[in-house]
Amino acid sequence: MPSFSDLVDETLIALSGYTQRQDQSTYLTAAMTDTQLTMTVSDAAVLSKGLVEVGDELMWIESFDRATNVATIAPYGRGFRSTQKAPHSIGDRVTISPSFPKDVIRKQLNNAVTGVFPDLFGVFYTTFSFISSQNTY
């Protein structure tokens with residue numbers, strides 16, 4: 001059974017497949033703490049001032065140095081648009097100006113489930129082993 005994160009990823013893939021504009025991306029070459037205001041990426045040529053997504057966190061890039069591949073995040077830039085600030089690892093994908101941020105997809109999926117909540121219920125089954133010489137009901 002897929003997890004909620006799997007559902008978010010599958011929705012993102014489905015949405016991205018129907019657009020002519022594909023998101024540009026690079027990846028982190030140095031780990032980041034949840035309070036750090038700089039990031040080092042593999043290819044700064046694709047960076048621009050504005051919104052980036054790393055994992056599920058949105059950040060606002062204030063400036064970048066293409067010579068060192070270091071981007072500076074604005075003081076208000078971590079956890080942008082009320083996303084959760086988080087540490088990030090080497091190799092994490094950095095999406096530049098994401099068409100469909102994961103956080104937006106997550107919120108919309110939650111809204112859809114909440115909208116059908118009273119009519120939607122979970123079903124689970126259990127198999128009882130019955131041995132008449134050991135069990136009585």
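Two strands count as paired if DSSP finds at least two bridges between them, and strands (E, at least two residues) and helices (H or I, at least four) are DSSP runs numbered from the N terminus. This is a predicted model, where local features need pLDDT of at least 70 and side-chain atom pairs count only at pLDDT 80 or more, while totals for chains, interfaces and linings use all residues. Residues are numbered from 1 along each chain as its sequence is written, and side-chain values use heavy atoms, with hydrogens and water left out.

**View 1. The hairpin of β4 and β5.** Here β4 and β5 pair in the antiparallel sense, with five bridges between them. Asp65 has Val70 of β5 as its bridge partner. Four residues sit between the strands, and Asn69 takes a positive phi near 60° in this hairpin.

View 2. Gly50 is partnered with Ile61 in β4, and Val54 stands opposite Glu57. This hairpin has two residues between its strands, and Gly55 takes a positive phi near 65°.

View 3. Six strands make an open antiparallel sheet, and their order is β1-β6-β3-β4-β5-β2. The edges belong to β1 (24-27) and β2 (38-40); each has a single partner strand, so one side of each is left without a neighbour in the sheet. From one strand to the next, the twist averages 40°, with axes being lines fitted to C-alpha atoms (for helices, over the stretch in contact) and angles running from 0 to 180 degrees between N-to-C directions.

View 4. A nonpolar core is a set of buried Ala, Val, Leu, Ile, Met, Phe, Trp, Tyr and Cys residues joined through side-chain atoms within 4.5 Å; buried means under 20% relative accessible area, exposed over 50%, and partly exposed in between (1.4 Å probe, protein chains only). Zoom in on Leu47: leaving out residues up to four places away in sequence, Leu47 touches Val41, Val52, Phe64, Arg66, Ala71 and Ile96 (contact means heavy atoms within 4.5 Å).

**View 5. His88 and its surroundings.** His88 is in the loop between β5 and β6, and counts as buried because its relative accessibility is 6%. Its side chain makes a polar contact with that of Glu57 at 2.8 Å. Such a contact is a pair of N or O atoms within 3.5 Å; within protein, one must be able to donate a hydrogen and the other to accept it, and residues adjacent in sequence count only if both atoms are side-chain atoms.

View 6. The structure holds five salt bridges, each a side-chain nitrogen of Lys or Arg within 4 Å of a carboxyl oxygen of Asp or Glu. Asp9 pairs with Lys102, their closest N and O atoms being 3.5 Å apart. Arg106 meets Asp56 at 3.3 Å, N to O, with Arg106 in helix α2 and Asp56 in the loop between β3 and β4. Arg106 counts as buried at 19% relative accessibility, whereas Asp56 is partly exposed at 34%.
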